[in-house]
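Morning, everyone. I have one model to walk through today, and I will keep it brisk. Please look at the structure on the screen first.

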Amino acid sequence: MSHFKINQKDIFFILKEQLNYGTLCSLERYKELNEKALDMLVNEAMRFAKGVIDPLQEVGEKFGVKFEDGKVECPPEFRKAFKEYGQDGWTAAARDPQYGGQGFPHMMRIVINDLMYGACQSFNMAPSLTHGAAHLIESFGAEELKERFIPRMFDGTWSGTMCLTEADAGSNLAALQTTAYPDGDGYKIKGSKIFISWGDHNLTDNIIHLVLARIEGAPAGVKGISLFVVPKMRVNPDGTILGPNDVLCGGVEEKLGLHASPTCVLNFGSRDDCRGYLCGEAGRGLAHMFQMMNAARINTGVSGMALASSAYQNALQYTRERVQGRDIAGRKAGDVPIIDHPDVRRMLLWMKALVDGMRSMIYTGAFWQDYALESPEGDEKKHYAALLDFMTPIIKAYCSDMGFKVCETAIQCLGGYGFCKEYPLEQYLRDAKIMSLYEGTNGIQSIDLMGRKMRVNNGAPFLAYRREIETFCKQYGNHPQLGKSVQALAEAFAKMTVTAEQMRDQMQSDPLQWASNTYPALTAFGDITMIWCLLDMAIVASRAIEKGKKNHFYTGKVLQATYFTDVTLPHTLATIKHALREGREVVDMPVAAF
C-alpha cells in the first residue's frame, strides 16, 4: 500500500499564488523557460515520486543494509531506481546543460527533493548527495575533473558523497587528521572518516568521494584543509574504470532510523595506495565544502518538512476513516469519525499549519536563492544573498525540530495504532530524528545564527531579514481580516529585534551566557518566520476569497494562520524573554552537580 500522500494544491498554491515562481523565467539564465515548463516539471516529479520512489520505502525498511566481507549490499530495487533517477534528469534538473543538466531554476531542486524525500527519505539521500558532490566539482574542479566525473554522476552511472567527519573531529573540522601526500600529478590520501551517508553500496560501479584532508606540511586549523576528489575505483581520463583505489568500508552503523541508507566508516589508503585529486585551491577546502554543506543544511530542513507532510497526510486520512466515540455536543447520532473530536482537530490543525508554513518557508528561501545567484550584480543580488544566509540555519534547525514534533503528533492522532508498524508513522518518527543532528547539530546552527549571521558584513543578513518582515507588517498591519494578527507579529518581532541586538553585544561581553541562550533565540526566529509565511499565504487566500473563490481550501489557509499565530506567539514572547534571562544556572552549574 502506498504510504506517500501529498496535497498537490498546497504545493502549487505556494509556488504559483504566493511566490509567483514563473517570474524566475525573467532572469537571463531561464529566459528559454516559462511557467508552464516549471509546472510540467513539478507534475512529472510528483508522478515519479509516486510511481518509482514510493515503493522503495517498504522495500528498504524490510531489506535494510547488509555488510559482509567488507561489502555493502542494498535492495536491488534501489540500484534500478537510482539509474532511472539520473537518466530521467532528476539529479541534475537544476544544473547547467554543459555536463548533462536540464537548466531549470535552482529552486526546482528543492521542490524535487520535497517530493522524493517524502516518498523515501533513505533512498533520496543517495542522488541528493551525488548532486552536491558533482556540483562541488563543477564549481571548483579543474576542467579535466569535470569532464571525467560530472556527466556520469548526473546521469546515475556513478554516485557521490561528502566525507568530513572523523572519530576525533566531529563538528570541529579543524582537528581532522586525514592527510594528502603529494604524488606526481595527484595526491596519496590516508585517513579514516565516519558517519558517511551512502559511503559504500552496490547501487553504482563507482562512488566519487569529496574528501576534506590536510596536505602534508599544511598549517593546523581550518586554513590547512583542502578538498579532494577521491573515487572508490580509479578512473581513466575517458571514464573507464581501472580498478580499486584503496577505499575500503570498515563498517556500517546500526541506527534508530534510515535503515536502508548505509552510514559507513571509510578507510582511505590503508594499503598506502589511495589516490585523490585536488579540487579547488589548496587550503580552501572548508570554504569550498561549505557550498555543499549549506545546501545539505537546507535539504535537512526539507527532509524534516517532507516527513512531516507525509505524517500529517496519513494522520488526516486515518482520522477521516476511523469511526469511534460519540460527538461530544450530540450533533450526530451514533459513533463518528474521530476527526469530529475537538482534541483530534486541534492536533490536525496544528500539524497542517506547521507543514504548510515550513513548506512556504523553504520554498521562499529557494526562490530567494535563484535571485541571489542569477540576478545581475547590484544591491538586489546582495539583498537576496544576505536573506538566504540568515535563513539557512533557521530552515535547517526549525524545520528539523518541528518536523519531528509533527511526526510525533501524527502518531498521537492514531492512538495505539500509530505505535505499530502496520502504519508508516513510527518509521517517519525514527527517520526524522537524525535531521536535528545532521550537518551541524541544531545547537550549532543557533550559534551560527546568533553569532556570525548577526555580525558578518556589518549585520547584513539580519538587516535583510528585518527589512522583509518590517515591510510586510507595515503593508498589511491594517488588513481588514488579518491586520490584528499582523500587528501581533510586528510587536513580537520588535521585541525579537531588541533581544537579537543585545545578544549580539553579549557575545563579546559574556560569551558563556550568550551561548547558553542561542537556541531559544533561534526557536523564536523560527516561530516568527513561520507566522510571517502563514500570514502571507492567508493574505493571498483572502484575496482569492474576495474575488469569489469561496471554497474550503482558501478558508483553510486563513484559519490555519490565525490559529497558529494566536496559540504560538505567547510562547514565542516567553522564549524571547528566556533568551535574555539573567539567571546563570546553565553556566554556573558544577559538572559534579549534574
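Let me start in a loop. D272 sits in the loop between β11 (263–268) and β12 (275–278). Strands here are DSSP runs of E with at least two residues, helices are H or I runs of at least four, and both are numbered from the N terminus. D272 has a positive phi of about 60 degrees, although it is not a glycine. At 46% relative accessibility, D272 counts as partly exposed. The cut-offs: buried is under 20% relative accessible area, exposed is over 50%, partly exposed is in between, with a 1.4 Å probe and protein chains only.

Some ground rules. This is a predicted model, so local features need pLDDT of at least 70 and side-chain atom pairs count only at pLDDT 80 or more, while totals for chains, interfaces and linings use all residues. Residues are numbered from 1 along each chain as its sequence is written, and side-chain values use heavy atoms, with hydrogens and water left out.

Another positive phi now. F195 has phi near 55 degrees, and F195 is not a glycine either. F195 lies in strand β5, residues 186–197.

Now the whole protein. How many helices and strands are there in the protein? There are 19 helices and 14 strands. The radius of gyration is 24 Å, close to the 25 Å that the globule rule gives for 594 residues, so the protein is as compact as a globular protein of that length. That radius is taken over C-alpha atoms, and the rule is 2.2 Å times the number of residues to the power 0.38. Along the principal axes, the C-alpha atoms fill a box of roughly 80 × 60 × 55 Å. Of the 594 residues, 58% count as buried. Take contacts between residues at least 6 apart in sequence: 74% of them join residues at least 24 apart. Contact means heavy atoms within 4.5 Å.

Next, a helix pair. The axes of α5 (residues 107–119) and α9 (residues 342–374) come within 8 Å and cross at roughly 155 degrees. That makes α5 roughly antiparallel to α9. The classes: under 35 degrees is roughly parallel, over 145 roughly antiparallel, 65 to 115 roughly perpendicular, and the rest oblique. Axes are lines fitted to C-alpha atoms, for helices over the stretch in contact, with angles from 0 to 180 degrees between N-to-C directions. Who makes the contact? From α5, M107, I110, V111 and D114; from α9, R359, I362, Y363, A366, F367 and D370. By class, that is seven nonpolar, no polar and three charged residues.

S128 lies in helix α6, residues 121–140. S128 is buried, at 10% relative accessible area. Leaving out residues up to four places away in sequence, S128 touches R109, N113, Y117 and N299.

Then helix α18, residues 552–578, where T565 is found. Is T565 buried or exposed? T565 is buried, with a relative accessible area of 2%. T565 and N20 are 545 residues apart in sequence and 24 Å apart in space, C-alpha to C-alpha.

T575 also lies in helix α18. T575 is buried, at 18%. Beyond four places away in sequence, T575 touches P520, T523 and A524.

How values were computed
Nonpolar A, V, L, I, M, F, W, Y, C, P; charged D, E, K, R; others polar.
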